[in-house]
Amino acid sequence: MAEAELKKGFTTIEVTQPDRSIPVYHIRLNRPAQRNALTLAFFSELPRALALLDLLPSARAIVLSAAGPHFSSGIHLPALSSVTAGDSPGVDPAAASAALRRRILEMQEGISALERCRKPVVVAIQGACVGGGVDLAAACDVRCCSEDAFFEVKEVDLALTADLGSLQRLPAIVGYGNAVDLALTGRRVSASEAKAMGLVSRVFPSREALDHGAAKLARELAEKSSLAVMGTKAVMLRSRDQTVEQGLDYVATWNSAMLMSRDLEEAVKAYTEKRKPVFSKL
């Protein structure tokens, strides 16, 4: 059923499984003529696609990428204008503020769906990654880019406070000092600087090398136990927002159920027999 829903398609993204024998799906931002600016439709389509892939046993890892020379120029400005419109005559300011808050929360949920998806998400970034593009990248599990990539937390230059996740996620990724620098200045960060501060973990020399490298990484993740990958992602995300003691307690609870998995038994058996393990599908 999930696969049938995916086949119906989307207007702002494209979801494919390039090789049916490899349990990796690709989500591609698909508005290259608009530099993959993020429309309101995108914020409902991305979480819907991720929810469907979360249900598919044939999806063990996901690659998020973008068509065209740029990853994303950020939120589509006409969409931003429609979200913030609230000064119409006769409209109660409190009601307008409540409606705006609901819309912001909905858009936040669209980005956070990348974290909530149980499957690991590898993002491949080329060219511009600006504003909302940085929000997207920060919510992914592994970030890769090409040498021509650049990053800008640009909201401050639009007289905005970034509200889709960058200010919350970047300090844990690049450190508080670097995050404040990026958020307050809105300056451009090159691929090499992004690698140095930990914003990305891998830089590739070209777009082609990036596509190949991200797909290879996703295949490697897909070959691992889905239970182990899912558990690792869940525990790391929970621990990020808790004290060490709370994180340790959470993983103890998690593993009290998951350590008795058949995947663990299979991993040990495959290791002793010097063969590749065959893990369960989720």
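Which residues line the second largest cavity? Keep that in mind as you open the structure, which is a predicted model.

**Stop 1: the second largest cavity**

Select Thr-12, Leu-29, Asn-30, Arg-31, Asn-36, Ala-37, Leu-38, Thr-39 and Phe-42. These residues line the second largest cavity. Its volume is about 40 Å³. Colour the lining by class: 4 residues are nonpolar, 4 are polar and 1 is charged.

**Stop 2: Asn-36**

Stay with one of the lining residues, Asn-36. Find Asn-36 in the loop between β2 (24-29) and α2 (42-55). Look at its backbone. Asn-36 is not a glycine, yet its phi is positive, at about 55 degrees. Is Asn-36 buried or exposed? Its relative accessibility is 2%, so Asn-36 counts as buried; the cut-off for buried is under 20%.

**Stop 3: Phe-42 and its partner**

Phe-42 also belongs to the lining of the second largest cavity. A pair of aromatic rings is described by the distance of the centres and the angle of the planes. The structure holds 1 aromatic pair. Phe-42 and Phe-43 form that pair, and the arrangement is edge-to-face. The ring centres are 5.5 Å apart, with 80 degrees between the planes. Both Phe-42 and Phe-43 are buried.

**Stop 4: the largest cavity**

Rolling a probe the size of a water molecule over the atoms shows where empty space is left. The count comes to 3 cavities of 30 Å³ or more. Move to the largest cavity, with about 60 Å³ of space. Select Arg-60, Arg-118, Lys-119, Pro-120, Leu-221, Ser-226, Val-229, Met-230 and Leu-282, which line this largest cavity. Which helix gives the most to this lining? Helix α10 (residues 226-240) does, with 3 residues. By class, the lining of the largest cavity has 5 nonpolar, 1 polar and 3 charged residues.

**Stop 5: strand β6**

Select residues 142-146, strand β6. Why is β6 described as largely enclosed by the rest of the structure? The reason is that 4 of its 5 residues are buried. Next, show the partners of β6. Strands of a sheet pair through backbone hydrogen bonds, either parallel or antiparallel. Strand β4 (residues 121-125) pairs with β6 in the parallel sense, over 4 bridges. Pick out Val-122: its bridge partner in β6 is Val-142. Strand β9 (residues 202-204) also runs parallel to β6, joined by 3 bridges. Here Cys-145 has Val-203 of β9 as its bridge partner.

**Stop 6: a three-stranded sheet**

Now turn to another sheet. It is open, and its 3 strands follow the order β5-β7-β8, with mixed pairing. The edge strands are β5 (128-130) and β8 (189-190), and each pairs on one side only. Zoom in on β5 and strand β7 (residues 150-152), which run parallel and are joined by 3 bridges. Click on Cys-129, and then on Phe-151, its bridge partner in β7.

**Stop 7: a charge over a ring**

Show the side chains of Phe-150 and Arg-188. Arg-188 lies over the face of Phe-150, at 3.7 Å from the ring centre.

**Stop 8: Ala-159**

Finish in the loop between β7 and α6 (166-174), where Ala-159 is found. Ala-159 has a positive phi, near 60 degrees, in a residue other than glycine. Is Ala-159 buried or exposed? Ala-159 counts as exposed because its relative accessibility is 73%, and the cut-off for exposed is over 50%.

How values were computed:
Residues numbered from 1 in each chain as written. Predicted model: local features only at pLDDT ≥ 70, side-chain atom pairs only at ≥ 80, totals over all residues. Heavy atoms only, no water. Buried < 20%, exposed > 50% of the residue type's maximum accessible area, 1.4 Å probe, protein only. Helix = DSSP H or I, 4+ residues; strand = E, 2+ residues; numbered from the N terminus. Pairing = 2+ DSSP bridges. 1 Å grid on protein atoms, 1.4 Å probe; cavity = no way out; pocket = protein on both sides within 12 Å on 5 of 7 lines; lining within 4 Å. Points joined across faces, edges and corners; volume = space filled by probe spheres on them. Nonpolar A, V, L, I, M, F, W, Y, C, P; charged D, E, K, R; others polar. Phe/Tyr/Trp six-rings, centres within 6.5 Å; stacked < 30°, edge-to-face > 60°. Lys NZ or Arg CZ within 6 Å of the ring centre and 35° of its normal.
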